[in-house]
Amino acid sequence: MPAPLRIGFALNFRTSSRDIDAVARVYEEVLDTIAYADRLGIDSVWVGQHHFDNTDGPFASPLPFLVAAAARTSHITLGTGITTVPFEDPVRLAEDAAVVDALTHGRVHLGLGTGGANLDGFAAFGLRPEQRHALFGDKVAKLHAALEGRPLSGGADGPRLYPPGTRVRGQLWQAATSLAGATAAGAAGDGLQQGAFFDPADTGQAPKVRAYLEAWQGARPDEVPRVAVFRFVYPGRDKETVLREVEPVLGPRLAALAERAALSGNPALRGLSVREYLDLVPFHGSPDDIAERVATDPAIAAGATDFVANFSYRDEFDVANAQARVHTLATEIGPAIGWRPAVALR
């Protein structure tokens, strides 16, 4: 019998303000929400990286933020979901992650992605979007080498990463967008992240989970794989109540979401009504409705170890709403799927 899923959550940092003090207040409110989740015993929080003000909920620097989160929490895993690897220098990323690992006492998990949600940001880094997969493969290999303590230059006596990155190396994840990518992640010993809507759970994500697990078993049969499935989660009294709540916000944004998904290979969202979108993509409704979707989701059934609820859909970050959703996740949805907190509630 498989172990119960660990549960985590992801939040947006969205604010339309360009006032630095207003932005700082959002950061503080998100930190308060993470601290609240830590007290409830939730296993993980995942912070996305989105560059520049032409992206949805821009947040450029997750690692410094996670250090601040570590100071307010005691057990919760602090992850990036994801770090945009093509924009990074892999040696500098390894150094930053190793320092953050030391400061967080081993709680940082680094999720790695190609930047498919930030395609129009590539030019600002002097890159082209079509380079992203090649850049990702090359830089992940260099990141692995640095974190494993291999010499960075000059032969066997060359400089090595300090502080050591071996613990970070064991806590990497890849957001694979292809079967080949999932296979590579499994062979490398990285966790696998599958996103909320970039490809269908049945025909897109479940085959990648299976390919990942096959590669993992072939490379390290005595170790436990890590598969995190991210899903938009909109809890409420029932599905009709949730529809009325989210329609004014999702309705104007749905076409843009559909085009973003299409760019990543999933054109099925084009032309959907909000009701049709809710039935197809997010988990919504009562905690029992959501638990049923978790139990029947093909990618989760294929071998997930972590279920990550993404609560992002509002135009502006709302701390009261966010904390209410985190509370529902820990006290209603989690128990309905067999989850129990790994630490005593505080």
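Buried means under 20% relative accessible area, exposed means over 50%, and partly exposed lies in between (1.4 Å probe, protein chains only). Asp-101, at 4% relative accessibility, is therefore buried. The model is predicted: local features need pLDDT of at least 70, side-chain atom pairs count only at pLDDT 80 or more, and totals for chains, interfaces and linings use all residues. Residues are numbered from 1 along each chain as its sequence is written, and side-chain values use heavy atoms, with hydrogens and water left out.

The whole structure was searched for salt bridges (a side-chain nitrogen of Lys or Arg within 4 Å of a carboxyl oxygen of Asp or Glu). The search finds 19 of them. Asp-101 takes part in one, with Arg-167 as its partner and 2.9 Å between the closest N and O atoms. This pair links distant parts of the chain: Asp-101 belongs to helix α3 (residues 90-103) and Arg-167 to helix α5 (residues 166-169), 66 residues apart. Helices (H or I, at least four residues) and strands (E, at least two) are DSSP runs, numbered from the N terminus. Asp-101 is buried, whereas Arg-167 is partly exposed at 40% relative accessible area.

Arg-275 and Glu-240 form another salt bridge, with the closest N and O atoms 2.6 Å apart. Here too the pair links distant parts of the chain, with Arg-275 in helix α9 (residues 274-280) and Glu-240 in helix α8 (residues 239-263), 35 residues apart. Arg-275 is partly exposed, with a relative accessible area of 41%. Glu-240 is also partly exposed, at 37%. Salt bridges that share partners join Glu-148, Arg-150, Arg-169 and Asp-190 into one network. Glu-130 and Arg-128 meet through their side chains in a salt bridge of 3.0 Å, N to O. Glu-130 is exposed at 56% relative accessibility. Arg-128 is partly exposed at 46%.

Aromatic rings were examined next. A pair of aromatic rings is described by the distance of the centres and the angle of the planes. Rings of Phe, Tyr and Trp (its six-membered ring) pair if their centres lie within 6.5 Å; planes under 30 degrees apart count as stacked, over 60 as edge-to-face and the rest as tilted. The structure holds 14 aromatic pairs. In one of them, Trp-46 and Trp-173 have ring centres 5.4 Å apart and planes at 80 degrees, so this pair is edge-to-face. Trp-46 lies in strand β2 (residues 44-47) and Trp-173 in strand β5 (residues 172-174), so the pair ties together parts 127 residues apart in sequence. Trp-46 is buried at 3% relative accessible area, and Trp-173 is buried at 2%.

Trp-46 also pairs with Phe-230, with centres 5.9 Å apart and planes at 70 degrees, so this pair is edge-to-face. Phe-230 is in strand β7 (residues 227-235), so its pair with Trp-46 in strand β2 ties together parts 184 residues apart in sequence. Phe-230 is buried, with a relative accessible area of 7%. Elsewhere, ring pairs link Phe-13, Tyr-27, Phe-59 and Phe-65 into a cluster.

A charge sits over a ring if NZ of Lys or CZ of Arg is within 6 Å of the ring centre and within 35 degrees of the ring normal. Arg-226 lies over the face of Trp-173, 4.8 Å from the ring centre. The charged end of Arg-220 sits over the ring of Trp-216, at 5.4 Å from its centre.
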